[in-house]
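Q: I am new to this structure and would like a short tour. Could you take me through it step by step?

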Amino acid sequence: MLPTRRGAIGLGVAAVVLAILPLVVQPYYVELVTTALVAAMLALSLQLLVGCTGLVSLGHGAFYGLAAYAVYLVTPENAGLSIAITLPVAMLSAGAAALIVGALSLRTRGFFFLMVTLAFGQMIFFVFHDTKLGGGTDGAYLVRPALSLFGAELTFTRRQRPFALYYVALIQLVAMYLLLVFLLRSLFGRVLEGIRVNEHRMRALGFDTYRYKLAAFVIAGALAGVAGHMWAMHRAFVNPEIVGWHRSAEALLMILLGGLHSLHGPIIGALAFTGLGELPQIMGDYKPFARFFGALGLTDFGLRMQALAERKLLLEGVVILAVVLALPSGLASIRWPRFIRPAWGAGKSRDQRAGS
Amino acid sequence: MSFAGFLAQLLNGVQYGLLLFLIASGLTLIFGVMGIINLAHGSLFMIGAYVAYLVAHASGSAWLALPLALLGGAAFGALLERGLFRHFYQRDHLDQVLLTFALILLFEESRSILIGNDFYSVPVPAIFDYSIPITASFSYSAYRFAVIGACLVLAAALFLWIERTRMGAIIRAAAEKPEMVDVIGIDARRVHMTVFAVGTALALAAGVLAAPLYSVYPGMGDGVLIISFVVVVIGGLGSISGAFWSALLIGLVDTLGKAYTPKVAGLAIYVLMAAVLIWRPTGLFGQRG
């Protein structure tokens with residue numbers, strides 16, 4: 001799960017690239033990547049359960065949505081609260097919900113666990129969908145949490161705000177990643193990995209695996225709360241859609257697309273998945289198929305191919321199918337071709353070296 | 001609500017439950033024997049409904065679509081197994097999830113390209129287009145009775161096949177201990193193909209039967225998929241009789257819930273599932289462990 005030394009350098013470079021990005025791209029892409037960063041936080045928090053502990057939850061989006069609603073519920077009608085209040089509130093409410101849901105659903109295993117977490121997630125969804133608590137099905141607008149601490153506040157103009165939110169999201173994502181690296185290197189993380197590989201053995205070794213799984217579930221829930229809080233801060237809007245099971249399924253999909261066996265997989269998956277949604281737009285702008293076949297004299301065929309290439313679900317389906325057929329370990333398993341691979345760092349992971 | 005109204009809702013619940021059984025039985029068989037979580041099963045239901053729409057338009061009667069769906073569905077299922085799923089039995093469950101999710105997208109988009117994104121209604125076949133009087137003041141749609149009948153016939157055929165034939169015995173054995181079936185020299189590939197063919201045929205048939213009752217629309221497989229998984233899980237993975245009873249239970253709870261307590265009806269089946277699984281972690285009819 002943990003990055004190799006060379007992988008860590010690559011991740012550092014990626015973080016720097018993401019930090020520079022807003023300075024060079026159009027504002028539209030700043031918004032888009034912010035959305036992707038929020039999704040990456042959600043997928044990363046889910047990875048603690050799916051990739052690390054082997055618990056596939058389909059109710060994770062509910063904690064994310066619940067946290068966004070918590071921000072809405074504590075914020076007064078016309079004045080934003082400090083992020084120093086809203087973020088802990090969001091994390092605590094998501095964590096508390098995860099404690100209750102986890103305590104009950106961890107009685108089941110495997111596919112049953114997936115379905116029970118789905119059921120609890122849907123219960124939380126229907127609370128916001130069917131009651132007037134958070135504006136019902138229409139959702140509700142909220143005043144963004146302010147970046148203030150002990151009275152000192154960072155303020156922004158309307159033009160600056162997207163950039164500020166981008167960096168807030170990026171900093172939180174990096175912090176969450178580092179926190180998870182720290183967790184996985186501790187005894188706690190080792191026990192979680194042990195549970196994924198062979199839970200019976202861990203129990204025979206004397207670990208109370210239920211408690212460890214519950215702790216992981218609560219931490220993952222609270223971290224999903226961070227993502228949900230950021231969503232509320234970015235969009236200044238909540239609606240039941242962010243609580244529903246589609247959000248959980250999307251997060252799971254990002255993990256699968258990026259890779260189950262690494263911490264940075266979900267981040268790659270989230271960026272790729274968000275980018276995939278933009279592909280029809282890009283295809284429509286540049287019309288590569290129409291041009292290519294048009295140049296070959298096959299204008300009709302080219303136009304027909306072009307029309308297909310601008311269909312969103314078709315593109316997504318084909319790309320996902322290609323990933324699952326060609327890259328069994330997800331996008332994170334792509335390596336540099338050997339001839340441009342740097343010679344240093346000899347390519348062995350920490351685990352392999354420890355084992356050999 | 002009156003007694004006649006209650007009776008109508010009860011019959012609706014049974015009819016809905018039986019339709020759910022047709023979908024859930026394929027899902028539970030495919031999971032039980034091959035260990036595949038087939039997310040695209042709801043899309044197969046949708047394809048069935050669109051087949052009914054196309055056949056009804058071309059020939060005037062949706063009834064003709066039923067044999068077509070059963071035969072075509074079986075062929076389509078066998079083809080999917082041979083071309084795609086066969087290569088995924090040894091892979092991680094989550095890879096299979098990704099594969100079947102991609103299939104949902106491709107099925108939906110193909111439907112959009114070929115037929116479009118409009119809502120359609122399919123007329124009830126002319127021979128069933130009347131109501132049968134039950135009491136002096138209450139009559140019930142003949143078509144819904146026909147659906148109940150058709151579902152019962154298909155369910156009975158499935159039970160006989162599973163319980164009384166050699167292939168059925170192999171399938172039961174494979175659902176219990178897949179390794180043993182390999183060890184004693186049974187050609188597992190033929191079993192897998194058959195199970196997929198049957199599961200797909202039943203899902204398409206359910207779509208055909210449902211088309212005149214509900215309108216035919218994009219994404220109609222989604223809701224059905226989730227509720228079928230609820231059925232499969234409550235019944236216990238891989239158990240056909242479990243799927244039957246839990247499909248009836250869910251059909252009744254959902255229908256009666258929507259009729260009498262519409263405010264919390266969406267919640268009811270999820271509360272039921274969570275309660276069942278916390279009480280019995282492997283479902284009502286599941287094996288322990």
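Q: Let me start with G317(A): is it buried or exposed?
A: G317(A) is buried, because 21 other C-beta atoms lie within 10 Å. A residue is called buried if 20 or more other C-beta atoms lie within 10 Å of its own, exposed if 12 or fewer, and partly exposed in between, with C-beta atoms placed from the backbone. This is a predicted model, in which local features need pLDDT of at least 70, side-chain atom pairs count only at pLDDT 80 or more, and totals for chains, interfaces and linings use all residues. Residues are numbered from 1 along each chain as its sequence is written, while chains are lettered from A and ligands numbered from 1 in the order in which they are written.

Q: Where is G317(A) found, and what does it touch?
A: G317(A) is in helix α14 of chain A; helices (H or I, at least four residues) and strands (E, at least two) are DSSP runs, numbered from the N terminus. Not counting residues up to four places away in sequence, G317(A) touches A102(B), L105(B), L106(B) and E109(B). Two residues are in contact if their C-beta atoms, placed from the backbone, lie within 7 Å.

Q: How far apart are G317(A) and G206(A)?
A: Their C-alpha atoms are 45 Å apart in space, and the two are 111 residues apart in sequence.

Q: How many residues does each chain bring to the contact?
A: Chain A provides 27 residues and chain B provides 27 residues. On the side of chain A that touches chain B, the elements giving two or more residues are α5 (110-130), α10 (245-258) and α14 (312-326) of chain A. Of these, α5(A) gives the most, with 10 residues.

Q: What kinds of residues are on that side of chain A?
A: They divide into 19 nonpolar, three polar and five charged. Here Ala, Val, Leu, Ile, Met, Phe, Trp, Tyr, Cys and Pro count as nonpolar, Asp, Glu, Lys and Arg as charged, and the others, Gly among them, as polar.

Q: What scores does the predictor give the complex?
A: The complex has an ipTM of 0.78 and a pTM of 0.85. For chain B, the average pLDDT is 89, and 99% of the residues score at least 70; pLDDT is the predictor's confidence in each residue, from 0 to 100.

Q: What is chain B built from?
A: Chain B has 11 helices and two strands, in the order α-α-α-α-β-β-α-α-α-α-α-α-α along the sequence. Its radius of gyration is 19 Å, close to the 19 Å that the globule rule gives for 289 residues, so chain B is as compact as a globular protein of that length. The radius is taken over C-alpha atoms, and the rule is 2.2 Å times the number of residues to the power 0.38. Buried residues make up 47% of the 289 residues in chain B.

Q: Which elements does α10(B) pack against?
A: The buried residues of α10(B) pack against α1 (3-34), α5 (142-164), α9 (220-235) and α11 (265-279) of chain B. Among those buried residues are F244(B), L249(B) and I250(B). Helix α10(B) has 21 residues and reaches 30 Å from its first C-alpha to its last, close to the 30 Å expected at 1.5 Å a residue; that expected span is 1.5 Å times one less than the number of residues.

Q: And α5(B), what does it pack against?
A: Its buried residues pack against α1, β2 (138-141), α8 (188-210) and α10 of chain B. They are Y143(B), R144(B), V147(B), C151(B), L154(B) and L158(B).

Q: Which residues touch the most other members of the largest nonpolar core?
A: Of its 192 residues, they are A40(A), M41(A), A49(B), A52(B), A205(B), V208(B) and M273(B). Such a core is a set of buried Ala, Val, Leu, Ile, Met, Phe, Trp, Tyr and Cys residues joined through C-beta atoms within 7 Å. Helix α2 (residues 27-53) of chain A supplies the largest share, 15 residues.

Q: One last topic: where is A236(A), and what is its phi?
A: A236(A) is in the loop between α9 (209-235) and β4 (237-238) of chain A. Its phi is near 55°, a positive value in a residue other than glycine. A236(A) counts as partly exposed, because it has 17 C-beta neighbours inside 10 Å.
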